[in-house]
Amino acid sequence: MSVKIPRIKRLIPFQVSIFRLPKALYDCLLTSQVSDTCNWFGSGSKIGNEVRSLYFKCSQGTIAWRRPKGTIRVHLKIGNGSKDFKGCLKVIGPIGNIQIFLESSKKLLPLINKENGRKIHCFASNSGSAAVYIEAGPTQSSVSTLNVQYDLQAVRRGFNSLDLWEECRPCSPEETLMAFCSSDFVAAGTISAMAQNTDEDRTELTIRSTRVLRQVSQVFTKKQKREIDSHSEVTYGALNVPLACGATEGPGEFIFMGHLRLGEARVVCAPRIEEWAVIVDKAKFEGTAQCNVEL
């Protein structure tokens with residue numbers, strides 16, 4: 001049985017149930033803050049129905065809200081342009097009674113809350129921007145500090161960034177070459193374990209690596225393996241693919257390529273070693289390789 005590893009471009013669409021705008025958003029005192037950085041660290045409002053507005057122009061960042069109270073409206077975009085993007089939010093730690101919504105046509109779409117149990121959720125921008133509401137309510141939240149990470153990935157105009165087929169389809173040879181040259185990690189190895197994490201909507205892969213060609217962070221690390229006569233080191237890595245893509249475990253060696261998103265290593269392309277050899281031979285013959293593609 002062969003493994004089927006998808007190209008990662010999108011995650012599961014958010015639920016389509018629509019909430020009304022909370023009353024606090026209409027009778028509040030609105031304050032604004034333009035952030036020159038990618039992160040914000042602040043405390044809850046002294047006025048329970050206040051809405052504080054934050055503006056970010058970064059592709060990644062963190063919000064740390066101490067003693068949450070009131071509402072924060074987070075406006076997201078990439079730089080000063082109008083590039084469309086897929087945005088993802090990840091809550092680190094407990095969320096308590098805090099709710100996170102996506103603004104859409106003067107409605108709020110629920111993204112993350114205690115009831116749905118999700119700590120990560122993704123959404124598509126509208127005309128190059130998106131607004132997210134983090135609502136703690138007028139009284140002091142039971143959470144001492146709410147930590148939220150955001151990650152924005154640019155997509156071409158009109159591209160449905162939440163389309164499961166686009167996210168899960170295999171990489172073309174051209175996309176595989178591009179992924180090899182631009183990924184945060186590239187490693188050859190075999191799948192030693194696979195687990196379905198339904199709470200986080202992902203399939204978790206444990207990779208035993210034979211060669212680590214590149215990594216910007218410690219995705220793959222060496223661990224001691226005790227043998228009968230000696231001690232040796234084995235390199236392992238933990239990678240993720242969307243649960244909906246239906247990745248299956250299979251024998252053989254693969255080249256795993258991907259990016260770090262919200263602190264997790266996500267697979268972009270994973271051709272078999274034999275498939276990669278064919279792609280490389282063709283790229284060398286045609287002169288289309290954009291970097292050194294030797295293993």
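A residue is counted as buried when its relative accessible area is under 20%. In this predicted model, C88 has a relative accessible area of 1% and is therefore buried. C122 is likewise buried, at 2% relative accessibility. These two cysteines are joined by a disulfide with an S to S distance of 1.9 Å. The pair links distant parts of the chain, since C88 belongs to strand β6 (residues 85-92) and C122 to strand β9, 34 residues apart. The torsion about the S-S bond of C88 and C122 is about 100°, so this disulfide is right-handed.

A disulfide is a covalent bond between the sulfur atoms of two cysteines. In total, four disulfides were found in a search of the whole structure. One of them joins C38 to C58, with an S to S distance of 2.2 Å. Here too, distant parts of the chain are linked: C38 is in the loop between β1 (30-34) and β2 (40-43), while C58 is in the loop between β3 (51-56) and β4 (60-66), 20 residues apart. The torsion about the S-S bond of C38 and C58 is about -80°, so the disulfide is left-handed. With a relative accessibility of 27%, C38 is partly exposed, whereas C58, at 14%, is buried.

Another disulfide is formed by C181 and C291, whose sulfur atoms are 2.1 Å apart. C181 lies in helix α2 (residues 173-182) and C291 in the segment after α3 (273-286), so the bond ties together parts that are 110 residues apart in sequence. A torsion of about -85° about the S-S bond of C181 and C291 makes this disulfide left-handed. C181 is partly exposed, with a relative accessible area of 24%, and C291 is also partly exposed, at 27%.

Attention was then given to backbone geometry. Most residues other than glycine have a negative phi. S127, which is not a glycine, has a positive phi of about 55°. This serine is located in the loop between β9 (120-124) and β10 (130-137). S127 is exposed, its relative accessible area being 54%. A positive phi, near 55°, also occurs at L262, again a residue other than glycine. L262 is placed in the loop between β16 (254-261) and β17 (264-269). With a relative accessible area of 6%, L262 is buried. Thus a positive phi is found in a loop residue that is exposed, S127, and in a loop residue that is buried, L262.

Notes: Residues are numbered from 1 along each chain as its sequence is written. This is a predicted model: local features need pLDDT of at least 70, side-chain atom pairs count only at pLDDT 80 or more; totals for chains, interfaces and linings use all residues. Side-chain values use heavy atoms; hydrogens and water are left out. Helices (H or I, at least four residues) and strands (E, at least two) are DSSP runs, numbered from the N terminus. Buried means under 20% relative accessible area, exposed over 50%, partly exposed in between (1.4 Å probe, protein chains only). A disulfide is a pair of cysteine sulfur atoms within 2.5 Å.
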